[in-house]
Amino acid sequence: MNTPVTVTVTGAAGQIAYSLLFRIAAGGVFGPTTPVRLRLLEIPAAVRAADGVAMELFDAAFPLLADVEVTDDPAVGFDGADAAFLVGAKPRGKGAERAELLADNGGIFGPQGRAIAGHAADDVRVLVVGNPANTNASIVAAAGLPAGHVTAMTRLDHNRALAQVSAASGVPVARLQRMTVWGNHSATQFPDIAELRDAATGERLADRLSPEWVADEFIPRVARRGSEIIDVRGASSAASAASAAVDHMHDWVHGTPEGDWVSVALPSDGSYGVPEGLVSSFPCCSVDGEWEIVRGLEIGADQRARIDATVADLQAEAATVRSLGLV
Ligand code: NAX
């Protein structure tokens with residue numbers, strides 16, 4: 001058995017955490033030989049519900065679950081954290097303006113970023129799931145966490161894109177490599193199949209799928225899949241979001257498969273014309289436990305226009321949080 005890892009999950013009484021916590025406790029992120037200590041962070045009003053989740057974690061008798069602690073104090077919740085899943089966020093109220101949403105979430109993610117910087121392990125890995133995820137991550141990163149250690153989740157969009165292409169092409173998901181989601185986890189995101197290939201044959205999927213299907217069905221469907229789920233399920237994506245969070249952290253820790261990459265939102269280093277510091281989704285490989293943006297991909301005119309549009313969306317959010325003094 002390895003040394004136990006300490007993992008903090010915020011929004012622990014919410015619906016994503018109700019799936020995510022059990023996947024982590026079962027070994028889905030850190031592997032079958034690494035015990036986990038879970039820290040469940042909630043707001044005071046939801047601590048009792050989080051206590052109930054902790055009771056269920058206990059009842060599941062997971063062999064790898066070393067400890068569970070519930071708290072509403074970020075200093076306690078992030079103490080010694082090796083990994084942090086920031087799931088809890090303020091949902092968008094009916095008719096709420098974007099600035100209101102960003103201000104409310106700044107009030108959550110600013111203090112959490114500072115608590116992580118002050119109390120978590122020096123090499124903590126942070127994944128922001130709570131929306132607006134990219135901009136919330138930029139607020140966390142502003143607390144002075146190590147470069148490359150704060151990310152936001154576009155892996156659900158990535159997985160949704162793989163599933164749509166697999167269904168349309170008949171190529172199993174397991175054989176699809178090099179999907180990319182660019183930009184913001186919002187309706188402006190750009191799921192891009194330009195580099196997508198069938199690992200078994202080397203065939204480019206862009207040669208098999210019609211450009212009309214990609215432009216008129218695939219891209220809008222992936223970008224609006226969250227709303228489609230709410231329409232049909234009557235609640236937002238939860239288990240699929242938890243699964244994507246598990247995939248993200250798993251690959252960060254264990255590495256991405258040879259020849260493949262995944263989509264990760266992280267502060268830009270200026271690659272692909274995305275302004276430095278903007279938390280944007282890129283094709284990334286995990287090498288020796290660190291995310292690296294895949295370099296040197298050719299970007300055509302249509303891709304450029306779509307990347308620029310989602311970057312403009314991120315810049316508008318960044319301008320708002322700057323004007324609110326949140327970064
Ligand atoms: P729920 O409303 O079920 O749960 C959220 C939980 O967060 C609540 O229990 C609430 O008490 C808690 N919370 C609020 N403020 C907190 C704080 N300051 N500290 C700790 N906990 C706090 O939402 P759920 O369905 O679990 O979704 C959580 C977030 O994920 C939402 O912001 C949602 O929009 C976002 N999503 C992001 C996705 C992505 O791909 N990046 C996809 C799924 C999801 O929509």
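Which residue in β3 is the bridge partner of Leu40? In this predicted model, local features need pLDDT of at least 70 and side-chain atom pairs count only at pLDDT 80 or more, whereas totals for chains, interfaces and linings use all residues. Residues are numbered from 1 along each chain as its sequence is written, and side-chain values use heavy atoms, with hydrogens and water left out.

The bridge partner of Leu40 in β3 is Val70. Strand β2 (residues 36-41) and strand β3 (residues 65-71) run parallel and are joined by six bridges, where strands (E, at least two residues) and helices (H or I, at least four) are DSSP runs numbered from the N terminus, and two strands pair if DSSP finds at least two bridges between them. The chain passes from β2 to β3 through helix α2 (residues 47-59) in a right-handed β-α-β crossover, that is, with the strands pointing away from the viewer, the path from the first strand over the helix to the second runs clockwise.

Strand β1 (residues 5-10) is likewise parallel to β2, to which six bridges join it, and Thr6 stands opposite Arg37 of β2. Together with helix α1 (residues 15-25), β1 and β2 form a right-handed β-α-β unit. Five of the six residues of β2 are buried (under 20% relative accessible area, with a 1.4 Å probe and protein chains only).

Between the helices, Tyr18, Leu21, Phe22 and Ala25 of α1 meet Val53, Glu56 and Leu57 of α2, contact meaning heavy atoms within 4.5 Å. The residues of this contact comprise six nonpolar, no polar and one charged.

Conventions. Buried means under 20% relative accessible area, exposed over 50%, partly exposed in between (1.4 Å probe, protein chains only). Ala, Val, Leu, Ile, Met, Phe, Trp, Tyr, Cys and Pro count as nonpolar, Asp, Glu, Lys and Arg as charged, and the others, Gly among them, as polar.
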